[in-house]
Amino acid sequence: MLSRKAIGLLGNRLFSTSAVLNKTFYDLLGISENATKEEIREAYNSLTRYYHPFTATREEVDKIERIHAAYDLLRDSERRKLYDQILARNSRAGRDSKTNSFDHCPFY
C-alpha cells in the first residue's frame, strides 16, 4: 500500500500539468477503463513507438513522459484501483469525472 506522502507526491507529479487536466490516463493511452493489462501494454508500446524520444519535438517528449506515467500507474493493479477510486470520488463530488485531481483525496 502506498503511504499518504507517496500518494500526495504521485498526485502532484502526475496531475500538475495543465495539458492533462481534462484527460484521464485511460484517455491518454486511448483505452477503455476496463482494458486488460495486455491492452494497456499494447497501447503503451504503440504510443512509445510513435512518440520515440530520438525523433520527437520537446512537446512530444513531454507527452511521452505523461504516457510513461500513465502506463506505470495503470499496469500496477493496486495503484490502478486507487486511481479508479479517485476518479469515481471526483465524479460523485460533482466534478467532471475526467478531471485528474487529488484534491479532497481520502488517502492523504
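Start by selecting Tyr26: this residue is buried, with a relative accessible area of 1%. Here buried means under 20% relative accessible area, exposed means over 50%, and partly exposed covers what lies in between, using a 1.4 Å probe and protein chains only. Before moving on, note that this is a predicted model, in which local features need pLDDT of at least 70 and side-chain atom pairs count only at pLDDT 80 or more, while totals for chains, interfaces and linings use all residues. Residues are numbered from 1 along each chain as its sequence is written, and side-chain values use heavy atoms, with hydrogens and water left out.

**Stop one: the aromatic rings**

Rings of Phe, Tyr and Trp (its six-membered ring) pair if their centres lie within 6.5 Å; planes under 30 degrees apart are stacked, over 60 edge-to-face, and the rest tilted. By this rule there are four aromatic pairs. One of them is Phe25 with Tyr83, a stacked pair with 5.1 Å from centre to centre and 15 degrees between the planes. Phe25 sits in helix H2 (residues 25-29) and Tyr83 in helix H5 (residues 77-92), so to speak a link between distant parts of the chain, 58 residues apart. Helices here are DSSP runs (H or I, at least four residues), numbered from the N terminus.Both Phe25 and Tyr83 are buried. Turn next to Tyr26 and Tyr83: their ring centres are 6.0 Å apart and their planes stand at 50 degrees, so this pair is tilted. This pair also links distant parts of the chain, with Tyr26 in H2 and Tyr83 in H5, 57 residues apart. For Tyr83, the relative accessible area is 2%.

In soluble globular proteins, nonpolar side chains tend to be buried together.

Zoom in on Ile67. Leaving aside its neighbours within four places in sequence, Ile67 is in contact (heavy atoms within 4.5 Å) with Leu28, Leu29, Tyr44, Leu47 and Tyr51.

**Stop three: helix H4**

Select residues 58-74 to show H4, a helix of 17 residues. From its first C-alpha to its last, H4 reaches 24 Å, close to the 24 Å expected at 1.5 Å a residue. The expected span of a helix is 1.5 Å times one less than its number of residues. Among the buried residues of H4 are Val61, Ile64, Arg66, Ile67 and Leu74.

**Stop four: helix H3**

Move to residues 37-50, which make up helix H3. With 14 residues, H3 reaches 20 Å from its first C-alpha to its last, close to the 20 Å expected at 1.5 Å a residue. Pick out the buried residues of H3, namely Ile40, Ala43, Tyr44, Leu47 and Thr48. Look down the axis of H3: its buried residues fall within an arc of 130 degrees, so they line one face of the helix. That arc is taken from the directions from the helix axis to the C-beta atoms. What covers these buried residues includes H2, H4 and H5. Turn to the face of H3 directed away from its buried side and you will find the exposed residues Arg49 and Tyr50.

**Stop five: the salt bridges**

While H3 is in view, select Glu38 and Arg41. They form a salt bridge, the closest N and O atoms being 2.4 Å apart. A salt bridge is a side-chain nitrogen of Lys or Arg within 4 Å of a carboxyl oxygen of Asp or Glu. Both residues lie in H3, three residues apart, about one turn of the helix. Glu38 is partly exposed at a relative accessible area of 38%, and Arg41 is partly exposed at 34%.

How many salt bridges does the structure hold? There are four. For two others, select Asp72. Arg75 forms a salt bridge with Asp72, the closest N and O atoms being 3.4 Å apart, and the side chains of Arg79 and Asp72 meet in another (3.1 Å, N to O). Salt bridges that share partners join Asp72, Arg75 and Arg79 into one network. Are its members buried or exposed, or in between? Arg75 is partly exposed at 45% relative accessibility, Asp72 is partly exposed at 29%, and Arg79 counts as buried at 16%.

**Last stop: Gly30**

Finish at Gly30, in the loop between H2 and H3. Gly30 is exposed, with a relative accessible area of 65%. Draw a distance from Gly30 to Ile40: they are 10 residues apart in sequence and 9.0 Å apart in space, C-alpha to C-alpha.

Methods: Helices (H or I, at least four residues) and strands (E, at least two) are DSSP runs, numbered from the N terminus.
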